[in-house]
Amino acid sequence: MKSLIDKQFKLSEHNTNVKTEVIAGITTFLTMAYIIFVNPSILSEAGMDYGAVFVATCLAAAIGCLIMGLWANYPIAQAPGMGLNAFFTYGVVLGMGYTWEAALGAVFFSGLCFFLLSIFKVREWIIHSIPLSLRLGIAAGIGLFLAMIALKNAGIVVSNPATYVALGDLSQPAAIYALLGFFVITALAYLKVTGAVMIGILGITVMAMLLGHNEYGGIMSMPPSIAPTFMALDLWGALDIAMLSVIFAFLFVDLFDTSGTLVGVAHRGKLLDKDGKLPRLGRAMMADSGASMAGAVLGTSTTTSYIESTAGIASGGRTGLTAVVVAALFLISLFFAPLAGSIPAYATAGALLYVAVLMAGSLAHANWEDPTDAAPVLIAALAMPLTFSIAEGIALGFISYAAIKALSGRFKDLNPAVVVLALLFALKFLFLD
């Protein structure tokens, strides 16, 4: 007779067991636990309470993992996404001047749009309408955007009135620690050490404490209050017409990031059906969008599926029990707020730089032999760090793709969705900026 857990997660059908799924969940958590430290560090620069964001991060991740595990039954973990949290702080709040409350409202509306697209099954049409070259350029641009933020936070890159940017003082402790952390994380990742990013962050934090450059704040305590960010989202403020591009950017990046992660992870775990499609895709998408809306209410940026889930899949995870284990570990992490608060910005800078390397790797898949494909890729990728905005990078990518393809007579490469979006973005630059 099958156990209740076996029935819920269909362990026997997937040739797995509870022990394997638990180990897979622990493995996935260790590879993505760095978000517990990095997300509050980034969002606190937008003026949000560090402790409240820490709690919101853990809770949003746990909610996303539970929905993904219990409803969609996939071993895919969720948490606030890298890149989108940076865009939230540096692009929307510090760059465009909106309040963090309005930015949370934009996150909520993007999650709601994602949810509706999943219900009405429009997602496949949208995904297939956007050219691969644009998707590659946007993914790489987010990576370069993260790299720019990491270098700036560590003082490795500084402003210069003549050249805009210049090399900072590499003899400063922050720069040294950030670079050392990046080197260590990269080496550990190459050696396939589980939790390489988290080890690098904690290692630099402890080293800085021992050398007197960082203060010890403790390890465990009761969770901080979430009151400063809970239900603080400003929905009316997010409806400002200039915020439409921000909502679209959150939605667009989350949609393609999630779809790519789901298919990639499912392929690795041999979870696709005979036609190469992902069963219960709608449920998985709604788990992602639901977690984003919940995260906005709690007080964090967009929640998305994590590619680090492949680590758990490689360890044997095949069902939603893996995701449920990850959720439990995020809830346990709520009691480690003092440790998270002890992590300095330069310790997370190395992690940001490493994540940037992974995301920028999408440039390798671009078609560099065709300039009509290569040029929009480069424009989208470069625009994000140089304008300090994911939204502007996406807009310039669409405009350049449509214009170059049309002027080259490659009308067959254009579709209505791309043309309409390119025109809307062009009108925005002409009349709203």
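Author: The second largest pocket holds about 300 Å³ of space. A pocket here is found on a 1 Å grid over the protein atoms alone: an open set of points where a 1.4 Å probe fits, with protein on both sides within 12 Å along at least five of seven lines. Points are joined across faces, edges and corners, and the volume is the space filled by probe spheres set on them.

The model is predicted: local features need pLDDT of at least 70, side-chain atom pairs count only at pLDDT 80 or more, and totals for chains, interfaces and linings use all residues. Residues are numbered from 1 along each chain as its sequence is written, and side-chain values use heavy atoms, without hydrogens and water.

Twelve residues line the second largest pocket (an atom within 4 Å of a point). Leu244, Ser245, Leu424, Phe425 and Lys428 lie nearest its centre. Helix H11 (244-268) and helix H19 (416-431) are the elements that give two or more residues to this lining. Helices are DSSP runs of H or I, at least four residues, numbered from the N terminus. H19 gives the most, with six residues.

By class, the lining has ten nonpolar, one polar and one charged residues. Nonpolar covers Ala, Val, Leu, Ile, Met, Phe, Trp, Tyr, Cys and Pro; charged covers Asp, Glu, Lys and Arg; the others, Gly among them, are polar.

Now H11 itself. Its 25 residues should span 36 Å at 1.5 Å a residue, taken times one less than the number of residues. The end C-alpha atoms of H11 are 36 Å apart, which agrees. Lysine 270 follows H11, with a positive phi near 55 degrees.
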